[in-house]
Amino acid sequence: MVATLVAVAAKFLSEHYATPAMLLALLLGIAVHFLAEDGKTAPGIAFSAKGLLRAGVALLGARISLDLLMALGGPLITLVVAGVVLTIGFGLLIGRFFNASWKFSLLTAGAVAICGASAAMAIGAILPRDERSEERLIFTVVGVTVLSTLAMILYPILVATLDLDTAQSGVFLGGTIHDVAQVVGAGFSVSQETGETATLVKLIRVAMLAPVVLVASLLIRSLTEGTPGEGRPPLLPGFVIGFLALAALNSMHLIPHVVAEWLGEASRWLLLAAIAAVGMKTNLKQVLAVGPAAIALIVVETLFIGGFILGGILAMS
């Protein structure tokens, strides 16, 4: 109930002050951190941070279908998918130069490459748990949300400066901005057609969430096998199965449009309540102790995917 209350407050403030709801839920949650330390609310907050998160990610599948993928055409789909895969690989490769563990590198790179805070929470759910898990997750969510907001403001100016056409602008905005809400905001601030293209491209990146989490889960199982103190994730997380099942049903047009819209809205609310709960479980001092190197890592990963997608668009033109 407390997590839901914080989510509702964040949504209200978001709609009235044009601020990302995810970021507000996170900050409001941190403000009531004491509620997660003991007392009657602690078990419910712990459940919200984990159970509601996985349910929200699973319901994201209702927004994905093969029709969406085919609408863009092969070359652009290849560019978007390559951007996701290469950004994750790039993040893992350069993480060592920023003194980042492979867990943090995977978390930040996946969030940047796929869908911001939602991807961060999904990937965080399969990573082996340790005393710094919440700290890494909360820092990544804050980082990608802030960068998404900056991109929502700056990238439309960039596409106008580069004189990209409507389709190119949509592909760039949808292929580079981290969170769905900011993609929509940036795209429709340029034009209706640009907004529709940007949203479509972004949903293709969201569709990459399931295969990325599946592959990462398999690799983590092999890496952590026999490693003391590291719990192995399940072979195929339940929320990934749910995501794939809903995506398959939607692709076969077995989910009515109104139901798919309702499931998408339910997903947004579940993720909002989950991130509020994650904020409640977070010690702000520990998050701030992550340091400037971690900030630099997320920024560099963001610049990489931006440069790659822009270069691909210009090369294809």
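User: What volume does the largest pocket have?

Analyst: This is a predicted model. Its largest pocket has a volume of about 640 Å³.

User: What makes a residue count as lining the largest pocket, and how many do?

Analyst: A lining residue has an atom within 4 Å of a pocket point. By that rule 26 residues line the largest pocket. A21, M22, A181, Q182 and R268 lie nearest its centre.

User: Which helices supply at least two residues of that lining?

Analyst: α1 (2-17), α2 (21-31), α8 (133-161), α10 (180-190) and α14 (257-280) each do. The largest share, six residues, comes from α14.

User: How does the lining of the largest pocket divide by class?

Analyst: There are 14 nonpolar, six polar and six charged residues.

User: Why is α2 called mostly covered?

Analyst: Buried means under 20% relative accessible area. Eight of the 11 residues of α2 are buried, so the helix is mostly covered. The buried ones are A21, M22, L23, L24, A25, L26, G29 and I30. Two of these, A21 and M22, are also among the residues nearest the centre of the largest pocket.

User: What makes a space a cavity and not a pocket?

Analyst: In a cavity the 1.4 Å probe fits but cannot get out, whereas a pocket is open. With a threshold of 30 Å³ or more, the count comes to one cavity. About 60 Å³ of space lies in the largest cavity.

User: Which residues line the largest cavity?

Analyst: L107, G124, L127, P128, R129, S133, R136 and L137 do. α8 gives the largest share, three residues. By class, the lining has four nonpolar, two polar and two charged residues.

User: How do the axes of α6 and α7 lie to each other?

Analyst: The axes of α6 (residues 102-113) and α7 (residues 116-126) come within 7 Å and cross at roughly 145°. The crossing is right-handed.

User: What makes this a contact, and which residues make it?

Analyst: Contact means heavy atoms within 4.5 Å. On α6, L106, L107, G110 and A111 take part; on α7, G116, A119, A120, I123 and G124 do. By class, this contact has six nonpolar, three polar and no charged residues.

How values were computed:
Residues are numbered from 1 along each chain as its sequence is written. This is a predicted model: local features need pLDDT of at least 70, side-chain atom pairs count only at pLDDT 80 or more; totals for chains, interfaces and linings use all residues. Side-chain values use heavy atoms; hydrogens and water are left out. On a 1 Å grid over the protein atoms alone, a cavity is a set of points where a 1.4 Å probe fits but cannot get out, and a pocket is an open set with protein on both sides within 12 Å along at least five of seven lines; lining residues have an atom within 4 Å of a point. Grid points are joined across faces, edges and corners, and a volume is the space filled by probe spheres set on the points. Helices (H or I, at least four residues) and strands (E, at least two) are DSSP runs, numbered from the N terminus. Ala, Val, Leu, Ile, Met, Phe, Trp, Tyr, Cys and Pro count as nonpolar, Asp, Glu, Lys and Arg as charged, and the others, Gly among them, as polar. Axes are lines fitted to C-alpha atoms, for helices over the stretch in contact, and angles run from 0 to 180 degrees between N-to-C directions. A crossing is left-handed if the near helix is turned anticlockwise from the far one by less than a right angle, and right-handed if clockwise. Buried means under 20% relative accessible area, exposed over 50%, partly exposed in between (1.4 Å probe, protein chains only).
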